[in-house]
Amino acid sequence: MQEETFPLHVERIFPETPRVKTFRLRPELGELPFRFLPGQHMGVSPCLSGSEKRETPAKWRHFSLSSSPENRGFAEISVLNQGTASAALHHLSPGDGVEVTRPTGRFTFEDPADHGPVFFGAGIGVAPLRSMVRYCLDRDLGEAITVFLCFPSVEEGLFLKQFRAWAEETPRMDLRIHLSGSGPAGEQPPYRGGLQDPDVLREGIARPGYRTCYLCLPPGLREGVHTALVTMGVPAEQIHAEIW
Ligand SMILES: Cc1cc2nc3c(=O)[nH]c(=O)nc-3n(C[C@H](O)[C@H](O)[C@H](O)COP(=O)(O)OP(=O)(O)OC[C@H]3O[C@@H](n4cnc5c(N)ncnc54)[C@H](O)[C@@H]3O)c2cc1C
């Protein structure tokens, strides 16, 4: 990798769901050596040591920053264990080192000029939205904040507790959870039907012509939600989608 890289170390690891961990990364001293915008991502590679370093090529993958840029001292990434590099990251312990690149990407949050942002996240796609929503709350942005989250089950609901706590303490935030799988007996999810249905979206999105939407969804769902939003009157240029 030719890009400028920065050494950080793993300060804390938060197990989030059975397959996702959040890594809090810090420099040895002082503030982060870069700034970032909510929604951006950076290259991350675990630092290899000794013979491991000589024999194994560095595994670089991009990960969205899941913490708010208002925290100048650390950056967090949330990693779904699904293959070579993500499994290597899941093996890290506090104190281990990683290298990262300068954050980049055009899927970034714009300060809301109109009624307020609407966020759509599914599965690990909630990671960049956590950064965006936390940033809105930290800076008191947006007349209204609407968040649609979609998970197979409550157990796999990445940051679900945190989003629920934020919604409870923030009257202007409307959180809508969609569960696609069948939950355990006794669980009563607020199951609201398909996210791709304009009638379902209309319930949660007042003044659609004045909202800016941020989507981090798997292909298929992403296109479906985009079409539904345009159908209900959100201008296409106000819909931003991250593509992994
Ligand atoms: C802009 C951007 C932001 C991203 N943000 C995040 C983020 O915040 N969090 C996150 O977790 N990821 C994120 N990703 C994805 C991440 O960069 C990696 O692509 C992801 O972690 C998989 O890398 P890996 O090395 O673990 O998997 P790889 O080893 O590269 O495998 C990729 C996929 O192929 C499957 N696979 C591999 N080998 C086989 C096989 N033989 N047969 C069948 N299937 C196979 C794996 O299960 C895996 O799903 C982002 C990607 C981009 C581009």
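Residue numbers start at 1 in each chain and follow the sequence as written. Because the model is predicted, local features need pLDDT of at least 70 and side-chain atom pairs count only at pLDDT 80 or more, while totals for chains, interfaces and linings use all residues.

**The antiparallel sheet**

Helices (H or I, at least four residues) and strands (E, at least two) are DSSP runs, numbered from the N terminus. Two strands pair if DSSP finds at least two bridges between them. An open sheet of six strands has the order β4-β3-β6-β1-β2-β5, with antiparallel pairing. Its edge strands are β4 and β5, each of which pairs on one side only. Leaving direction aside, neighbouring strands in this sheet are turned by 45° against each other on average. Axes here are lines fitted to C-alpha atoms, for helices over the stretch in contact, and angles run from 0 to 180 degrees between N-to-C directions.

Strand β3 covers residues 41-46, and five of its six residues are buried (a residue is buried if 20 or more other C-beta atoms, placed from the backbone, lie within 10 Å of its own, exposed if 12 or fewer, and partly exposed in between). Val44 has Arg61 as its bridge partner in β4 and stands opposite Val100 in β6. Elsewhere, Leu8 has Val98 in β6 as its bridge partner. The table lists pairings from both sheets.

| Strands | Sense | Bridges |
|---|---|---|
| β3 and β4 | antiparallel | four bridges |
| β3 and β6 | antiparallel | three bridges |
| β1 and β6 | antiparallel | five bridges |
| β8 and β9 | parallel | seven bridges |

**The parallel sheet and its helices**

Five strands form another open sheet in the order β9-β8-β7-β10-β11, and the pairing is parallel. At the edges are β9 (173-179) and β11 (239-241), each pairing on one side only. From one strand to the next, the twist averages 15°. In β9, Asp174 stands opposite Thr146.

Helix α3 (residues 126-139) lies across β7 (116-122), β8 and β10 (211-216), and runs at about 155° to β7. Helix α4 (residues 160-169) also packs on the sheet, where α4 touches β8 and β9 and makes about 150° with the direction of β9.

The 14 residues of α3 reach 20 Å from the first C-alpha to the last, close to the 20 Å expected at 1.5 Å a residue (the expected span is 1.5 Å times one less than the number of residues). Helix α3 is largely enclosed by the rest of the structure, because 10 of its 14 residues are buried. Among them are Val126, Leu129, Met132 and Cys136. The cover over the buried residues of α3 includes β4, β5, β7, β8, α4 and β10, where contact means C-beta atoms, placed from the backbone, within 7 Å. Just after α3, Asp140 takes a positive phi of about 60°.

**Around the ligand**

A residue is near a molecule if its C-beta atom, placed from the backbone, lies within 6 Å of it. There are 17 residues around the ligand, and Ser64, Gly83, Thr84, Ala85 and Ser86 come nearest. At least two residues of this shell come from each of β4 (61-64), β5 (75-80) and α2 (84-90). The most come from β4, with four residues. By type, the shell holds seven nonpolar, nine polar and one charged (Ala, Val, Leu, Ile, Met, Phe, Trp, Tyr, Cys and Pro count as nonpolar, Asp, Glu, Lys and Arg as charged, and the others, Gly among them, as polar).

Conventions. Contact = placed C-beta atoms within 7 Å.
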